[in-house]
Amino acid sequence: MLNYAMKLTGIFGRLALTNLILLVLISYFIIYVFHKTEQIHTILHDVTSVNLPVIADSDRLISSIERMNEFRLKYIVTGDEDFYERFNGFMAEAESVSQHLSETVTGKSKTDIYDSVSELYGAFSKMSTAQIKGEEHNNTEADTEIEKISALLTDKISELKNTADSEWQKKLERSNQMVEKVLHRSVVFMTACIIGAAAVAFFNTRNIARPLQKLGEKTNEVAAGRFPESFYLKAPYEIERLASDFNIMIRRLKESREQKEEFVSNVSHELKTPLSSIKEAAQMLKEGVFDNDPENSGRLLDIINAESERLITSVNGIIEISRLDINDAPYEMQAFDLGGVLKEIIKKTEPIAAAKKIKVVQDIAEELPEAFGAAEMISRAAENLISNALKYTPENGMINISAKKTDERLLLVSVKDNGRGISGEDLPHIFERYRRGRNQHGDVKGTGLGLAIARKIISRHGGEIWAKSRQGEGSEFLFTLPRSF
Ligand SMILES: Nc1ncnc2c1ncn2[C@@H]1O[C@H](COP(=O)(O)OP(=O)(O)OP(=O)(O)O)[C@@H](O)[C@H]1O
Ligand SMILES: [Mg+2]
């Protein structure tokens, strides 16, 4: 859910959402315009198919009635058959127009009027036909009657025409109003859309460009060799992630610079101390300070020898940890016999144990599964632990080296001694490089790199290394390794 919300507020989400909203609004508006156009079309269709034909038919009907009257009178006066024919012709026309009107007239008001028209026309045509056929006894009376009906009929037809005409005007007015309304709404909608889209584009761009600009400034600082403080950017989640990765990168760069500085200072200290002792001893020998004192001259040579050895150990340690720092390439891992590796180290360090009369007990599980890793590197780490145990355990002490399976995945190695132990204050720091405990009393030589190297090797195998110890009661160093399948 949170992820979904994050995606919506991201760059892609924002653009997709705003475009979608815009699309929905435009679609809605298109439907609205379409609907209104349909309505206008219906009104105009009504005007052309009803109102205009009704008006035209009304005019034609009035004219036919007038002509019927004209030829009826002419025939009565002259008795000319031709006029009779013409009368009949106009009557046929009036009937056909009336028929057409009955089909086109719609709406209650017009239909009511048309019904009266039809009724009056029926009476008019009936009386006119009767008179022309000579069925009326009194022509003058019939004339008056026909004149009266035809006046009424003409009035009704005019009423029908006027009604259709005023309806036509109203409908045109309505359609005009609708067109204007649609036009007005279109302009308002398009303006709102343009302003809205521009505002959204502006805010979106600003929300993206501002944090990017800030990130750019921070990058410039890094390029200039400065490490900016960790910062937070309020931005779309993609840029927030970029900023958080950037912070991590700065922290790593800072750490790596600090490490480099610490390393240089430690290394120079480690190398300078024995070198100056060697230089001083060599100087004294050269100046012949103890020329006649073979005992002291021998001591100076011993110092040179011991310090040179310390120098070699330091240089080797420094080279080793630097290699581990620089070379991040994965080890060539394979299944190997962990018990065998431990036994080999025990054998190799036997002379030291024997010299200090330290008893070394092996407790390597029978049928210990094979471990998975780089045997040479693991041997290097375990040797550091065993040589520490030998170094920090007094004469006649005891060391116990064990290896067993902990669960289905891991093997556990323990190197336990009953030596001088480590103080609670030092214990959390002993795996840091160049950290030497305060339990040395100046008697045990070392560079403080052994455990740092061991930790690096074990963690690159996906294992863990830790220590349990109490000052004066001995220590136990443990590490895990993945087993081979
Ligand atoms: N088995 C142990 N018993 C008591 N103290 C120990 C033991 N192992 C390590 N330490 C303490 O931890 C410190 C760090 O050990 P580490 O092996 O890293 O350095 P080192 O032994 O002093 O020097 P080197 O680089 O030669 O190994 C030691 O100086 C020592 O104080
Ligand atoms: Mg050591």
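**Domains, a helix pair and a core**

The model is predicted.

**Helices α6 and α7**

- Two packed helices are described by the angle between their axes and the distance between the axes.
- Helix α6 covers residues 237–287 and helix α7 covers residues 294–326.
- Their axes come within 9 Å and cross at roughly 160 degrees.
- An angle over 145 degrees counts as roughly antiparallel, so α6 and α7 are roughly antiparallel to each other.
- The crossing of α6 past α7 is left-handed.
- The residues of the contact of α6 with α7 comprise 18 nonpolar, 6 polar and 3 charged.

**The largest nonpolar core**

- In soluble globular proteins, nonpolar side chains tend to be buried together.
- The largest nonpolar core here has 46 residues.
- L338, I378, F477 and F479 touch the most other members of this core.
- Helices that give two or more residues to the core are α7, α8 (338–348), α10 (375–391) and α11 (450–460).
- Strands that do so are β4 (398–405), β5 (410–417), β6 (465–470) and β7 (474–482).
- α10 provides the largest share of the core, with 7 residues.
- Domain 2 (238–326) and domain 3 (334–482) each supply at least three residues to this core.

How values were computed: Residues numbered from 1 in each chain as written. Chains lettered and ligands numbered in written order. Predicted model: local features only at pLDDT ≥ 70, side-chain atom pairs only at ≥ 80, totals over all residues. Heavy atoms only, no water. Axes fitted to C-alpha atoms, helices over the stretch in contact; angles between N-to-C directions. Helix = DSSP H or I, 4+ residues; strand = E, 2+ residues; numbered from the N terminus. Parallel < 35°, antiparallel > 145°, perpendicular 65-115°, else oblique. Left-handed = near helix turned anticlockwise from the far one by under 90°. Nonpolar A, V, L, I, M, F, W, Y, C, P; charged D, E, K, R; others polar. Core = buried A, V, L, I, M, F, W, Y, C linked by side-chain atoms within 4.5 Å. Buried < 20%, exposed > 50% of the residue type's maximum accessible area, 1.4 Å probe, protein only. Domains from an automatic or database assignment.
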